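Here is a colleague's note on the structure shown below, written as numbered points. Please keep the model open while you read.

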Amino acid sequence: MKQRDYFFDNAKFILIFFVVFGHLIQSFIHENEIVYTLYKVIYTFHMPAFILVSGFFARGFYQKGYIKKIAKKLILPYLIFQLIYSIFYYFLYNESSIAIDPLNPHWSLWFLISLFFWHIMLFGFSRLKPAVGLSLALAIGLGVGYFDWISNYLSLSRTFVFFPMFLLGFYLTKENVQMLTRPSFRIIAVIPFVASFIFYSSFPDISYQWLFGSKSYSALETTETIGMMIRLGLYILSTIMVFSFLAIVPKSKFFFTSLGRNTLYVYLLHGFFIRIFRESEVPHYLSYTENIVLLAALSFLLTLLLSSKLATAVAQPFIELKVTLLTKYKKRSSSFSRPTKKRRLEN
């Protein structure tokens, strides 16, 4: 059980690092071909893997009060951060007015509302056999590309496009995951990552917008038939890379393992830092390929910071509508300070 917990905590921490890293390097994708290729490789697997893991842990949807619980966990933070980001953008971009639209999610907030819908959709799809359910979800994911009106509104496009990965995670068993982590799989797991890098390098005209799942085929400037084939190919590539990623995730406990439980905090908070970074002069000095390592280090440090006890304690009232972490943090701080005062008096 411990190994399984360590495994998924490690997976979630590594994935949230890639989320931060991917957003950080987006400023340089139009200036550097290597960064652009790396960006597309990351986006091919990191959110699909996150979604699959979320589906794996969605087995309690049938319990009483589950919808209320999941709404409080996802919809309330979504509405709160929609407002916060609207105010933040107003000051950051010197906008003429504060635009508040709860039906069009800001930037990365789409994941919260899509995740809520995915849980709701399980009530119907869980009644189907896995082969039937996955086939239907895949058909819907391919079919929504034909409709221009299915877009960012309520994150509908992403909800349907990425649902097959969520459903696949829901159908996975512990035995399936254990099989993926066998040494025989780990040896060849790196091959799909290298192959995808070579693929994107060989076909640089493939737009990264395909990996967002938020646009119709016509909006991506292709015919409907070709668009459907491209999306189908990306489904296959993403699935292979997600399984390859899971195959190489370590099972042991590391210094960052426990922080994998705080990925929602990192996901919601890192956008403020990324947006400020993009509007600053810093990107002008980091446009060279050799700075990828520096950007990765910055992403790792930011991930550590935003998943730390202090950051989660401060942000918990806005994300979970609780103050339990802040109370614990204050108690621990006071317990550490009291012996110090006592020792000073004795001296």
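1. The charged end of arginine 59 sits over the ring of phenylalanine 170, at 6.0 Å from the ring centre. For phenylalanine 56, the charged end of arginine 59 again lies over the ring, 4.5 Å from its centre. A charge counts as sitting over a ring if NZ of Lys or CZ of Arg is within 6 Å of the ring centre and within 35 degrees of the ring normal.

2. Please bear in mind that this is a predicted model, in which local features need pLDDT of at least 70 and side-chain atom pairs count only at pLDDT 80 or more, while totals for chains, interfaces and linings use all residues. Residues are numbered from 1 along each chain as its sequence is written, and side-chain values use heavy atoms, with hydrogens and water left out.

3. Over the whole structure, a search finds 45 aromatic pairs, where rings of Phe, Tyr and Trp (its six-membered ring) pair if their centres lie within 6.5 Å, and planes under 30 degrees apart count as stacked, over 60 as edge-to-face and the rest as tilted. Tryptophan 110 and phenylalanine 111 form an edge-to-face pair, because their ring centres are 5.8 Å apart and their planes stand at 85°. Both tryptophan 110 and phenylalanine 111 are buried, that is, under 20% relative accessible area, taken with a 1.4 Å probe and protein chains only.

4. Ring pairs also join a cluster of phenylalanines, including Phe13, Phe45, Phe193 and Phe300. Which other residues belong to this cluster? Among them are Phe17, Phe18, Phe21, Phe245, Phe254, Phe255 and Phe256.

Notes: Buried < 20%, exposed > 50% of the residue type's maximum accessible area, 1.4 Å probe, protein only.
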